[in-house]
Each structure stands twice: as C-alpha cells, then as structure tokens.
Amino acid sequence: MERLGSASFAAQDSGVLQTLRSFGLAGDDDLRRVRATRHEHHIQIMRERLGGWNPAIALQGIEHLEAAQNAGHGAVLWIAHFSFNALAAKIAFARAGFEVFHVSRPEHGFTKSRFGIRFLNPIRIGAELRYAAGRVVIDRADPAASMNEARRLLRANKFVSITAGAWEGEVLVTARIGESGMEVASGAPRLARIAGAPLLPVFVGRDDTTGQLHVVVERPIDLARHRDKAEMIQGAAQEFADRHLPYLRSWPHQWRDWEKLTAFTPR
C-alpha cells in the first residue's frame, strides 16, 4: 500500500481511503495541508530559538494534572502525534507550573542523519528544553535504564511525557481507527502500570478560526480493568485510539499519522 507521502490520497488501500474520507480527507489539497502543518511546526521551533515564541495557548483538563499530583505518583502523559504537540504542550505545562520530563529517542529533532543529529537537532531540543523540566533519552543498548529513570521521576511525583508512535519500543500494538489500523508502542501504558501512575492522554491542536492552540489533558485511561498485561496494553491502546476521534474530526489536517494507517485485521 502506498502511503500519504505518495502523490495522492487516491493511492491508498480501500479501507484506509474510507477512513480518510470519513474524516473529510479526500484530495490533494488535503494532502498539502497535512504537509504544511508539519513545516509550520519547524517554523515555530525556529521562532522560539531566534527570538522567542509567545503563542496563545489554552490548557484544558488541568484538574487531571492536579489530581495526579495530589495522589503523589505523578502521571504518564501520552501525547497524541499532532503537528503542534512537541513545543506547545511543553509551553502550556511550564506556564501552569508543572514539571514534565520528556522521553525521547537519541535522534529526536529534525533529521536522523549523523550530521543533523550533531548540528541541527540540538536546535529543536534546545527550544523544547526551555520549557521541559528535562529529557530522558532512550538508550537502545540498555532500554531498561531510561524506563528506570522515568519510574524514579514518577516516584518523585513528577510528570513524564511520551509521544505516541510506532517508532520506538519492543512491543507494538494495533488499535482501530475507522476502517484502519493505528500502530503504537506500548511503553506509555506499561510504564504507568508498573509505576502505579495514571495514564493521561494529551491532545494538541490549533483552532484555525482564532489561531489559538489548545492543549487538552483528558481523564486517565483505566488500566486496572485488565489483569493480564497483554490485555491491558491492547485495551489502553484501543481506548487511546478512540479518544482521538473527536480531535481528528476537529483538526484532521494536524494529525501526523495518517500516512502510518494500515489495513485493520480484527484479532
């Protein structure tokens, strides 16, 4: 199956195409708008680095952050992969006084090339660290070390954020969105379960009529209803996918993972 990076939405698998159409995405203009939001995020990073970026951001669901903090176990923030999440979410949390440590890959930034990792990616990382309390870098030679660090932070009643995606993690699970499959790594629900911390979905999008960014922290995903670990992970992934639906309808051109949708095969 050709993906969103191809010339046209029309090249998609029929099930994926049906999903795209159900969210109002059907033509090349939509494809260009999806790509444009990704480039705009890079512009936001550069604005922050060159002179400071001061966007209007509304933080919603702050009561879930406060409840987690009052319970004393911090929280795992599972951040949906929308175009403006990386910087806007960190700014919103910092403005509200919450210490959030972000878990990320060694090549986090603009590019995976060796040159880019050394010289370009620090531009983005530096912009984000103006607002994040710190960065937990995944050590692929010893992945348990980064998760142990994340658990230590949660025990200290800090917040740990993880961007949802299929690019990292030993265990990937597939959840259903429309007629398609959405693949995500299982690290966020596993970490929350082990640490006894709530798992809070976070969605970031911009209202294009006003220009205001919205960072929405939703109620915790229920991890206790499944005793079996595999069922817990699959259930958390599906609930997370289900929580996407209203945001995909409101901000369809801002989701980063249309190109990663696959044909869904029921288990």
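The expected span of a helix is 1.5 Å times one less than its number of residues. Helix α2 (residues 28-50) has 23 residues and extends 33 Å from its first C-alpha to its last, close to the 33 Å expected at 1.5 Å a residue. The model is predicted, so local features need pLDDT of at least 70 and side-chain atom pairs count only at pLDDT 80 or more, while totals for chains, interfaces and linings use all residues. Residues are numbered from 1 along each chain as its sequence is written, and side-chain values use heavy atoms, with hydrogens and water left out.

**Helix α2**
- Helices here are DSSP runs of H or I with at least four residues, and strands are runs of E with at least two, numbered from the N terminus.
- G52 follows α2 and has a positive phi, near 95°.

**Helices α6 and α7**
- Helix α6 (residues 143-155) packs against helix α7 (residues 187-195) at an angle of about 50°, with axes 10 Å apart; axes are lines fitted to C-alpha atoms over the stretch in contact, and angles run from 0 to 180 degrees between N-to-C directions.
- M147, A150, R151 and L154 of α6 meet L191, I194 and A195 of α7, where contact means heavy atoms within 4.5 Å.

**Residue F203**
- F203 lies in strand β8 (residues 199-206) and is buried, with a relative accessible area of 0%.
- F203 and H81 are 122 residues apart in sequence and 8.1 Å apart in space, C-alpha to C-alpha.
- Not counting residues up to four places away in sequence, F203 touches several residues, among them A80, F82, H214 and W251.

How values were computed:
Buried < 20%, exposed > 50% of the residue type's maximum accessible area, 1.4 Å probe, protein only.
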